[in-house]
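Me: Hi, could you walk me through this one? I'd like to go over the sheets and the helix packing together.

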Amino acid sequence: MEDITTDIVVIGSGPAGQKAAIQAAKLGKQVIVIERESEPGGACLFSGTIPSKTFREAVVDLTRFYDRHFEGKEYVLPEVTIDELNSRLQSVVNEEKNIIVRQFKKNGIRLLQGSARFENQHTLIVVDNDYRLKYQIKASVFIIATGSNPRSPKDVPFDQQVILDSTTLLGIGKVPKSMIVLGGGIIGSEYASYFAALGTEVTVIDRKEHMLPLLDAEIGIHLQTALTDIGLKFLGKKEPVEIARKNDRAFVKFKDGSSLEADVLLYALGRTANVEALHIENTGITVDAKGYIPVNALFQTVVPHIYAIGDVIGGPCLASTSMEQGRLAARHACGAQTHHFPTFYPIGIYTIPEISSCGYTEEELKAWGFHYEVGRAHYYEIARSHIAGSNTGLFKILFHAETLEILGIHVIGRNATEVIHIGQLAISFHAHLDYFIDHVFNYPTYAEGYRVAALNGINKIRFKK
């Protein structure tokens with residue numbers, strides 16, 4: 001066993017932990033990162049964001065997804081194997097992992113492998129997979145960034161072959177002919193769209209009436225229509241009461257008495273924070289009713305020198321927001337100038353087609369009694385879409401009907417997660433609708449959809465007058 005004394009210990013090497021560790025090191029602190037797995041990166045790198053988005057890109061590429069628009073009835077779906085998809089996935093994972101290792105070395109950050117648990121408020125121990133003691137560490141500051149895992153109820157017979165969660169899904173040996181996805185949230189919707197694009201007969205089941213119910217409703221309906229066009233089925237207002245493997249197939253029985261079978265089932269009904277192994281009760285910290293670690297606006301727990309960031313503190317559970325939480329927590333812990341976490345930020349959903357939004361939804365503005373108007377630009381109005389073969393999509397700008405201040409941007413369609421940042425900047429500077437009208441955009445681009453939508457919106461105001 002090695003006894004260590006250091007300035008800052010970061011538990012977890014996902015996006016939140018990485019940025020916290022690097023920021024603390026940049027501020028001159030001696031930093032140790034503890035990672036349970038043999039390599040750094042966390043779930044984001046090995047089973048979450050990076051694999052799923054790489055899988056998406058490979059599906060779109062290998063199936064020649066956008067050729068469908070040009071070939072029409074002549075389009076024949078190419079046969080794509082899991083091996084082809086995983087080959088691309090592994091290449092990207094390796095590249096990203098090497099970058100993390102290089103950044104840690106460059107910044108003098110020591111990476112320790114093992115499971116961390118608190119002995120008291122200033123000491124933790126690290127054990128190996130056989131629970132043998134490897135390190136005892138004392139530090140001035142601890143930052144918990146242990147992330148989350150897919151929710152895995154004990155009555156669901158997960159087997160890594162037929163009954164799967166998002167971590168084990170990409171380990172299947174072949175593209176299934178049929179798939180049931182339980183959960184119409186972000187993870188369920190993303191994977192459902194990928195396999196539908198591969199030709200799998202996908203059925204998404206959810207208690208809610210629509211997929212992705214937290215979206216602006218018009219965007220959600222647009223998505224569901226687009227996915228229906230590639231063969232995906234959605235069944236809403238259904239609640240599973242039995243999940244089983246029968247004759248090597250997935251079987252689900254619902255509360256209304258109906259049932260469904262498929263080759264595989266993806267259980268995508270939420271995630272849970274990774275806190276159990278930490279023994280945080282030894283520090284005086286307790287989790288909330290949902291199992292998350294409560295923190296203040298500076299990401300401090302009830303023990304001021306112990307911080308928590310990322311999925312372990314609950315929503316929004318995005319890699320992008322976790323990174324910024326890590327940076328801000330480290331700055332505060334090191335006594336550097338900092339600020340509170342931004343009140344708004346873009347959300348990216350990598351379905352096919354992808355979605356991104358920033359600001360308020362139409363439903364929120366209605367509920368608050370805002371006098372607002374909407375400007376729209378459909379992708380079929382944008383020349384770049386015709387060139388790229390991606391006519392499905394919509395730019396939606398919400399703005400105040402009197403002042404014309406931009407209140408929300410919602411984009412569904414190709415490159416949505418890229419072009420959203422133009423809208424984000426406009427909102428952050430309290431820009432008005434004429435900001436888009438009075439500027440020239442490159443042509444042909446997707447970004448000119450902002451100008452088309454703005455003109456559509458301003459014409460509604462003028463027409464009313």
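What follows is a short chat about strands, helices and a few single residues.

Me: Before we dig in, what kind of model is this?
Reply: This is a predicted model.

Me: Thanks! What's the strand order in the open sheet of five strands?
Reply: The order is β18-β19-β22-β21-β20, and the pairing is antiparallel.

Me: And which strands stand at the edges?
Reply: Those are β18 (347-349) and β20 (372-378). Each has a single partner strand, so one side of each is left without a neighbour in the sheet.

Me: How much are neighbouring strands turned against each other?
Reply: On average by 10°, with direction ignored.

Me: Let's zoom in on β21 and β22. How many bridges do they pair over?
Reply: Seven bridges, in the antiparallel sense, between β21 (residues 393-400) and β22 (residues 406-413).

Me: What is S357 in contact with, leaving aside neighbours within four places in sequence?
Reply: Y345, P346, I347, I409, H410 and I420.

Me: New topic: β15. Which way do the residues of β15 point?
Reply: In β15 (residues 264-267), V264 and L266 point one way, while L265 and Y267 point the other way. All of these are buried. In general, side chains in a regular strand alternate between the two faces of the sheet.

Me: Which strands is β15 joined to, and in what sense?
Reply: Strand β8 (residues 163-164) is joined to β15 by two bridges, and they run parallel. Strand β9 (residues 178-182) also pairs with β15 in the parallel sense, over four bridges.

Me: Helices now. How do α3 and α6 pack?
Reply: Helix α3 (residues 49-62) and helix α6 (residues 186-197) pack at an angle of about 25°, and their axes are 10 Å apart. The angle is under 35 degrees, so the two are roughly parallel to each other. The crossing of α3 past α6 is left-handed.

Me: Which residues make the contact?
Reply: From α3 there are S52, K53, F55, R56 and V59, and from α6 there are E190, Y191, Y194, F195 and A197. Sorted by class, that contact has six nonpolar, one polar and three charged residues.

Me: What about α1 and α8, at what angle do they pack?
Reply: About 30°, with axes 7 Å apart, for α1 (residues 15-26) and α8 (residues 319-333). They are therefore roughly parallel to each other, and α1 passes α8 in a right-handed crossing.

Me: Which residues meet there?
Reply: On the α1 side, P15, A16, K19, A20, Q23 and A24, which meet A319, S322, M323, G326, R327, A330 and R331 in α8. That contact has seven nonpolar, three polar and three charged residues.

Me: Last one: where is I4, and is I4 buried or exposed?
Reply: I4 is in strand β1 (residues 2-11), and at 9% relative accessibility I4 counts as buried. The C-alpha atoms of I4 and A139 are separated by 8.4 Å, although these residues are 135 residues apart along the chain.

Methods. Residues are numbered from 1 along each chain as its sequence is written. This is a predicted model: local features need pLDDT of at least 70, side-chain atom pairs count only at pLDDT 80 or more; totals for chains, interfaces and linings use all residues. Side-chain values use heavy atoms; hydrogens and water are left out. Two strands pair if DSSP finds at least two bridges between them. Axes are lines fitted to C-alpha atoms, for helices over the stretch in contact, and angles run from 0 to 180 degrees between N-to-C directions. Buried means under 20% relative accessible area, exposed over 50%, partly exposed in between (1.4 Å probe, protein chains only). Angles under 35 degrees count as roughly parallel, over 145 as roughly antiparallel, 65 to 115 as roughly perpendicular and the rest as oblique. A crossing is left-handed if the near helix is turned anticlockwise from the far one by less than a right angle, and right-handed if clockwise. Contact means heavy atoms within 4.5 Å. Ala, Val, Leu, Ile, Met, Phe, Trp, Tyr, Cys and Pro count as nonpolar, Asp, Glu, Lys and Arg as charged, and the others, Gly among them, as polar.
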